[in-house]
Amino acid sequence: MTRRHDDRPMLPRFAAASDATPAAGGGLLTRRALLRGAVALGAGGAFSARAGDAHLPAARPSQQTPGRGPTRRGEPSRHETAVERTPYVRYGSLAPGNGGSFTPLQRLQGIITPSALHFERHHHGVPDIDPASHRLVLHGMVGQPLAFDVERLLRYPMTSRILFLECSGNSFPDTQDAPPQVTCGQIHGLVSCSEWTGVPLALLLEEAGVDPEARWIVAEGADAVTMHRSIPLEKALDDCLVALFQNGERLRPEQGYPLRLIVPGWEGNVSVKWLHRVKVVDAPVQARDETSHYTDPLPDGRALQFTFEMGVKSVITHPSPGWVLQGPGYYDISGLAWSGAGRIERVELSADGGQSWADAELQGTALPLAFQRFRLAWEWDGAPVSLMSRATDERGRVQPARDAWLAAYGAKQRYHYHAIQVWRIDDLGEVTNAYA
Ligand SMILES: Nc1nc2c(c(=O)[nH]1)N[C@H]1C(S)=C(S)[C@@H](COP(=O)(O)O)O[C@H]1N2
Ligand SMILES: [Mo]
């Protein structure tokens with residue numbers, strides 16, 4: 001029996017090589033098992049290497065007429081319109097600018113999030129800022145207050161880094177009592193990864209001359225909510241960037257055009273967008289977003305303030321809810337891992353409910369505080385199964401199970417969720433969200 005999924009993407013099935021070696025239970029294989037020889041799918045497969053000649057006509061329609069000419073700015077193919085963010089607003093028409101949008105992680109590959117699909121989180125809308133009149137003011141406990149216009153900042157020496165940015169509210173749907181049946185991106189897509197280019201904040205602070213008594217900075221945005229956060233001076237002088245560019249082009253308005261702070265590895269909220277003011281101070285200012293929000297309630301009724309560093313985390317993006325497996329056979333499992341502590345050291349996968357684990361292949365160069373793509377080959381026998389991934393970072397932190405994570409906090413905890421995600425696959429290849 002098969003279900004019809006006309007509107008849903010199907011995960012391609014592959015032929016395994018003859019030397020396919022098991023890596024763990026449930027059909028997990030060493031990576032070498034795939035990508036060998038012809039892709040051979042049975043009848044009804046999405047594509048087939050058999051009868052290849054039939055797919056090679058004398059001339060395709062696209063070869064019979066000239067294509068269109070060059071343009072000034074490219075757009076994705078009109079066939080890719082389903083690859084979109086999922087927007088949400090918090091308070092409807094009362095505050096249409098308070099909301100965000102989720103990156104469709106399950107539709108993307110590699111580690112870079114296209115700028116147009118970078119997740120969004122706005123507390124009071126996206127301001128329309130004219131860079132010609134925008135200023136960044138650096139003041140407070142400094143020898144010499146300074147004001148920079150954008151043109152001036154563009155002349156400073158810049159640094160580029162590939163960094164993830166994750167909202168501390170990311171994955172909050174998984175804190176609900178019942179697992180929400182939405183896509184991977186709609187659960188975990190308040191995280192993205194870009195190449196950010198900008199001026200090291202330390203350079204500007206050094207130019208202003210920081211008072212030896214100073215301990216914190218307050219970064220403030222020029223949006224309608226004047227969002228601001230206190231950040232320890234040590235971090236500000238370490239690796240923060242005043243970013244002007246994202247993936248090679250100037251920042252998108254949604255990401256803070258013309259200037260934003262990038263605080264590598266820390267909760268997204270402190271990466272203040274539309275940055276217009278940095279005040280050097282001796283103590284945190286107890287801003288709205290570091291008191292009423294972004295604090296972690298504990299089981300004993302107290303709350304943790306300033307959980308800056310993001311946890312070690314991973315999620316399987318392929319397969320994930322929305323994708324449909326095309327019957328028993330070989331599949332390429334793939335996903336993303338990241339950690340606020342630095343590099344991802346290891347990602348393990350389980351296909352038997354956590355009884356056995358296999359090391360996934362970590363692709364490319366391991367970058368600190370960036371997405372790490374992982375992959376592993378898997379032979380599905382067609383029986384219902386749970387797939388999960390578990391990341392370990394360079395500091396030895398291991399991604400916790402959901403129960404353990406919940407037990408560490410009070411009942412209302414929604415922030416900094418980074419527990420292991422379980423995807424349940426039924427005998428028809430349907431993938432759903434599950435908690436165990
Ligand atoms: N000025 C300002 N900065 C802001 C916000 C905001 O609403 N206003 N949102 C914060 C939050 S909660 C997050 S998670 C990140 C989101 O960045 P992005 O929209 O570029 O993904 O920006 C942070 N910086
Ligand atoms: Mo956020």
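Leu 387 stands opposite Trp 423 in strand 27. This is a predicted model, in which local features need pLDDT of at least 70, side-chain atom pairs count only at pLDDT 80 or more, and totals for chains, interfaces and linings use all residues. Residues are numbered from 1 along each chain as its sequence is written, and side-chain values use heavy atoms, without hydrogens and water.

Strands are DSSP runs (E, at least two residues), numbered from the N terminus; two of them pair if DSSP finds at least two bridges between them. Strand 26 and strand 27 run antiparallel and are joined by four bridges. Both belong to an open sheet of five strands, ordered 23-22-26-27-28, with antiparallel pairing. Strand 23 and strand 28 stand at the edges with a single partner strand each, so one side of each is left without a neighbour in the sheet.

| Strand | Residues |
|---|---|
| Strand 23 | 358-359 |
| Strand 26 | 385-393 |
| Strand 27 | 422-425 |
| Strand 28 | 431-434 |

A nonpolar core is a set of buried Ala, Val, Leu, Ile, Met, Phe, Trp, Tyr and Cys residues joined through side-chain atoms within 4.5 Å; buried means under 20% relative accessible area (1.4 Å probe, protein chains only). The largest such core has 45 residues, and Ile 425 is one of those with the most contacts inside it. Strand 21 (residues 329-338) gives the most to this core, with five residues. A second, separate core has 37 residues, including Trp 266.

Arg 373 lies in strand 25 (residues 372-380). The side chain of Arg 373 reaches the backbone oxygen of Leu 108 at 3.4 Å.

Notes
Chains are lettered from A and ligands numbered from 1 in the order in which they are written. Buried means under 20% relative accessible area, exposed over 50%, partly exposed in between (1.4 Å probe, protein chains only). A polar contact is a pair of N or O atoms within 3.5 Å; within protein, one must be able to donate a hydrogen and the other to accept it, and residues adjacent in sequence count only if both atoms are side-chain atoms.
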